[in-house]
Amino acid sequence: KFTSQIIEKLMKPSLITLIIVIFSLRACAQKQEKATPEIDVGGNCEGCEAIFESPVPFNELNWIDTLPGFDEPGQKLAISGSVFKLDGKTPAASIVLYVYHTNQKGIYPNKGDENGWGKRHGYLRGWIKTNNSGQYKFYTLIPASYPNSNNPKHIHITIKEPGKNAYWIDDFLFGEDPLLSRELRNKNNFRGGNGILSTSHQKGIMIARRDIILGENIPGYPKE
């Protein structure tokens, strides 16, 4: 009994020391992770911080989602695609996409309880995160153009990838839109790839696909 008491006394400090070391290492790792600076890419991006207003933590986001208002009157739309790294071949997993657009009247509608950028972007918005194959998909309604304007109908999109700040890429545009001018169609500096959608109909839903290449024509984006 006496021997076991001695061993127990000798073990206690070692166990406490081990616990202290483990917590110290975890604290250092967390501090280092937070201290790692993000690469500033994309230039000015008003409203890009709205991507951080996701009601669901980034690590819990799904690769597929349905935006609010999908059951309201209007042409239903499903957009899907894959996100690739700068080489255009390697799938990019865990990339967060934030999308928002106008309603059928061409305005960003509010319900009255919005906070932050939701007051300007409205409630027709959503957050998704690419799966391990880089895939994403979301359902919504085709938006209307701004009232009394020549702006083509569009869906805004913001990207957040690990190690870089949030940045915008070219809007989703609709190839059959008569307001989509020749200048926009012939644009050769697409941010994140070509955003002009070719659509088809399937069981009452308009289907479109857009693949996204991270860093393509994004200012300040590292080439490696």
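1. E6 (residues 154-160) is the strand to start with: with four residues, E6 gives the most to the lining of the largest pocket. A pocket, on a 1 Å grid over the protein atoms alone, is an open set of points where a 1.4 Å probe fits, with protein on both sides within 12 Å along at least five of seven lines; lining residues have an atom within 4 Å of a point.

2. A word on the model before going on. It is predicted: local features need pLDDT of at least 70 and side-chain atom pairs count only at pLDDT 80 or more, while totals for chains, interfaces and linings use all residues. Numbering runs from 1 along each chain as its sequence is written, and side-chain values use heavy atoms, with hydrogens and water left out.

3. Back to the largest pocket. About 450 Å³ of space lies in it, a volume being the space filled by probe spheres set on the grid points, which are joined across faces, edges and corners. Its lining has 25 residues, and His-156, Trp-168, Ile-169, Asp-170 and Asp-171 lie nearest the centre. By type, the lining splits into 13 nonpolar, eight polar and four charged residues (nonpolar: Ala, Val, Leu, Ile, Met, Phe, Trp, Tyr, Cys and Pro; charged: Asp, Glu, Lys and Arg; polar: the others, Gly among them). E3 is a contributor too: E3 and E6 each supply at least two lining residues.

4. Have a look at E3 itself, residues 96-101. Six of its six residues are buried (under 20% relative accessible area; exposed is over 50%, partly exposed in between, with a 1.4 Å probe and protein chains only). In a regular strand the side chains alternate between the two faces of the sheet. Here both faces are covered, with Val-96, Tyr-98 and Tyr-100 buried on one side and Leu-97, Val-99 and His-101 buried on the other.

5. E3 has antiparallel partners in E4 and E6. With E4 (residues 125-129) there are five bridges, and Tyr-98 has Trp-127 as its bridge partner. With E6 the count is six bridges, and Val-99 is bridged to Ile-157. Pairing needs at least two DSSP bridges between the strands.

6. Pro-68 is worth a click. You'll find this proline in the loop between E1 (64-66) and E2 (76-84), and it counts as partly exposed because its relative accessibility is 34%. Leaving aside neighbours within four places in sequence, Pro-68 is in contact with Tyr-123, Leu-124 and Arg-125 (contact: heavy atoms within 4.5 Å).

7. Ser-94, in the loop between E2 and E3, has a positive phi of about 60° without being a glycine. Asn-217, in the segment after E12 (212-213), also isn't a glycine, and its phi is positive, near 60°. Ser-94 is partly exposed at 36% relative accessible area, and Asn-217 is partly exposed at 36%.

8. Finally, the chain as a whole. It has three helices and twelve strands, and buried residues make up 40% of its 224 residues. Of the contacts with a separation of 6 or more, 71% are between residues 24 or more positions apart. The chain exposes about 13,400 Å², 54% of it from carbon and sulfur atoms (Shrake-Rupley method, 1.4 Å probe).
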